[in-house]
Amino acid sequence: MAISNSYKTICSYCGVGCGIVVHKDSKGGLKVEGDKAYSVNKGMLCSKGMNLNYVVQDTSDRILHPEMRWSRDLPLQKTTWDVAMERAAAVFKSIIKRHGPDSVGFYVSGQCLTEEYYIANKLTKGFLGTNNIDTNSRLCMSSAVVGYKKSVGDDAVPISYEDIELADCFLIAGANPAWCHPILFRRLEKHKEENPNVKIVVVDPRKTQTCAIADLHLQIIPGTDVVLYNAIAKRLIEKKLIDKKFIKNHTDNFEELKEKACKTSFSEAAKICGISVNDIKKASQYIGLSKAFISMWTMGLNQSVIGVDKNVSLINISLLTGQIGKPGAGPFSLTGQPNAMGGREVGGMANLLAAHKDLANPVHRKEVSNFWGSQEISENPGLTATEMFEGLNSGKLKAIWIVCTNPVVSLPDSLQVEEALKKANFVVVQDISHNSDTTKYADLLLPAAGWAEKEGTMTNSERRISYLNKVIDPPGEALPDLEILLKFAQKMGFTGFDYENASEVFDEYSLMTKGTAIDISGLSYQRLKGEGSFQWPVPNSTHRGTPRLFTDKKFFTPSGNAQFNVPVHTLNQSEKLSEEHPLILTTGRIRDQWHTRTRTGVVNRLNTHIPSPYLEMNNVDAYLRKLKDGDVAIIKNNRGEVRVKVKLSFDIRKGVVFMPMHWGRILGEDFGRANNLTSNLIDPVSKEPDYKYSAVEVSKY
Ligand code: SF4
């Protein structure tokens, strides 16, 4: 909503989704400040959010015009939108005619707005005739999605940020919110300051900044999470620290869980996890005696070859203690990207359809195609993120359209991703940055509008849907992603894509949700602009949204009960360490960078915190390899190698090394591209990659 020259919007970085007010002066200069009236951040912003204006105003690396080339040995050359779209449509039509619809695919992003995501899905699944559309959210939240579906019947985060101030015990697993969800962490920190009796348990192989407020840090061996959560479950059951009434009336499979998941002795579990029995008991006691318990997690659980098992074993603890559907309680996955949840709502994954409908369900496919007036939706499962690039490598996939993401840096096993893009017949890259590691493979480069240059909606980690204002025009000939997709659909000759604006797309999608678990048929742009943000469901036009799910203890499962799930694998299934590669490489984010630095990398003040990639290594491991702090090391395995300086620390477990995931090639060299080394194993159900466990060796350069 414009207030003279001030505009309300939402931060475009992480899933916390902080409110921002952008002030535009008469010369078009921008300033940002936290929105004091917004419940999420109450005026606070972290370093990334408070520097967003510099990102928008630095156009040095922006793609300003469509660019195209007729063959890979020619340079990209400026072209018009019309020629670019003609070419894209002609190539897609010809490839589909020769090889069938499953020979093309779209790879989109958790940074896309909901309307863009919705149209990309409608276009692909309804009209191109393939389910080959997946998103980089596959790389961060897909294990949590499956975990929720198995446990509560839908991809539904039960709680709100306001529950943080109502809880008295937190288990933070595989997450470093102090750096990766900073404003949420500030709320937690303040709550702990004001209520010293609040207990915080952190589970992480690294002693991160988050541990500064922990009462207990369980520094487990990577990959042993399921053993730990099963041991906590066993202890809670043995000590009768469970909610028997809740279990009896509102859950299924308790006896199976008790019998099958709680067999390992505490001493054996402690040995596997590399922690003490006493610490397992202490964590269980904190949780079992708490009045309101929240578990928070992110990539440490999700990015694993047993990511779904890790998720269900953690959610089991909330169910055992009846800590769900009440104030200050519940499992709470912290979304990485700003609109990963909005994307899932509109079916932004290869296995999903809009409104949380399932691609594998023929009734759902029929409902969606009828709603769209499209051809029948294919029953062929779509390729997921990593499968799409394997498909390009094997020749199964011929063309890929990449929207708002930089897979050469962000996908595992980067060198194979580059091989895949070299082999592709046709690569479209639609983005804001000209100089990413991915754009060099583009046959067609399309300039997209960025944050503050377009309108739309996003959903944050607590199911909160917010409207983002357009503040300025995009530079050059850049267009909103939505407009680009609609241009392509029209060039393909598809009907049903003649929207006047983003609001009409939102209205179509919200109508589709009517009667579903995520019903937002009571929402419109008018309400979002006039009344502010809403947490779904919002089933009618007077409804104010739903801060907390399952307060009636009715879950979205067929029986209406929450489900205890016995993890398929208790022990880790990652690649094996060997004499040649004896160290576990784990990757993650740092405080002031975002994803592959295409935006944060252009802000000088964000580059001062940690200016270059590095390897964090335990002092003992370094001593054994004759490495000193600041030495340049080579980190190697069978997939690739990188060269970075080592940072010695006792905060990381012996046997484990850490690299930030943000850096791509620097001056054409693979100095610090961590994903040259990461494992290409994926969870068999969620298809999320095993980023947190790759076997490597480190030596002096
Ligand atoms: Fe943006 Fe996340 Fe920082 Fe909030 S916490 S300002 S949403 S990056």
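This is a predicted model: local features need pLDDT of at least 70, side-chain atom pairs count only at pLDDT 80 or more; totals for chains, interfaces and linings use all residues.
1. Helix H5 against helix H14. Helix H5 spans residues 142-152 and helix H14 spans residues 307-320; their axes come within 8 Å and cross at roughly 45°. H5 and H14 are therefore oblique to each other. The crossing of H5 past H14 is right-handed. On the H5 side the contact uses Ser143, Ala144, Val146, Gly147, Lys150 and Ser151, and on the H14 side Gly307, Val308, Asn311, Val312 and Ile315. By residue class, this contact of H5 with H14 has 5 nonpolar, 5 polar and 1 charged.

2. Helix H4 against helix H21. The axes of H4 (residues 114-128) and H21 (residues 502-512) come within 9 Å, with a crossing angle of roughly 65°. H4 and H21 are therefore roughly perpendicular to each other. H4 passes H21 in a left-handed sense. Glu115, Tyr118 and Ile119 of H4 meet Ala502, Val505, Phe506 and Tyr509 of H21. The residues of the contact of H4 with H21 comprise 6 nonpolar, no polar and 1 charged.

3. In soluble globular proteins, nonpolar side chains tend to be buried together. In this model the largest nonpolar core has 190 residues, and the members that touch the most others are Phe170, Leu228, Ile232 and Ile400. Helix H8 (residues 225-238) supplies the largest share of this core, with 8 residues. A second, separate core holds 25 residues, including Leu615, Ala633, Val646 and Val657.

4. Surroundings of Phe170. Leaving aside residues up to four places away in sequence, Phe170 touches Leu188, Ile200, Val201, Ile294 and Met296. Phe170 is also one of the residues that touch the most other members of the largest nonpolar core.

5. The loop between S22 and S23. Strand S22 covers 534-535 and strand S23 covers 562-563, and Val538 sits in the loop between S22 and S23. Pro537 lies in the loop between S22 and S23 as well. The peptide bond joining Trp536 and Pro537 is cis, with omega about 0°. This bond deserves a look in the viewer.

6. Is Val538 buried or exposed? Val538 has 25 other C-beta atoms within 10 Å, so Val538 is buried; the cut-off for that class is 20 or more. Apart from residues up to four places away in sequence, Val538 touches Ile520, Gly522, Leu523, His543 and Gly545. The C-alpha atoms of Val538 and Ser510 are 9.7 Å apart, while the two residues are 28 residues apart along the chain.

7. Positive phi at Lys42. Lys42 is not a glycine, yet its phi is positive, at about 45°. Lys42 belongs to the loop between strand S4 (30-34) and helix H1 (47-50). Lys42 counts as partly exposed because it has 15 C-beta neighbours inside 10 Å.

8. Positive phi at Arg463. Arg463, again not a glycine, has a positive phi of about 65°. The residue is in the loop between strand S20 (456-459) and strand S21 (464-468). With 26 other C-beta atoms within 10 Å, Arg463 is buried.

Key:
Residues are numbered from 1 along each chain as its sequence is written. Axes are lines fitted to C-alpha atoms, for helices over the stretch in contact, and angles run from 0 to 180 degrees between N-to-C directions. Helices (H or I, at least four residues) and strands (E, at least two) are DSSP runs, numbered from the N terminus. Angles under 35 degrees count as roughly parallel, over 145 as roughly antiparallel, 65 to 115 as roughly perpendicular and the rest as oblique. A crossing is left-handed if the near helix is turned anticlockwise from the far one by less than a right angle, and right-handed if clockwise. Two residues are in contact if their C-beta atoms, placed from the backbone, lie within 7 Å. Ala, Val, Leu, Ile, Met, Phe, Trp, Tyr, Cys and Pro count as nonpolar, Asp, Glu, Lys and Arg as charged, and the others, Gly among them, as polar. A nonpolar core is a set of buried Ala, Val, Leu, Ile, Met, Phe, Trp, Tyr and Cys residues joined through C-beta atoms within 7 Å. A residue is buried if 20 or more other C-beta atoms lie within 10 Å of its own, exposed if 12 or fewer, and partly exposed in between; C-beta atoms are placed from the backbone.
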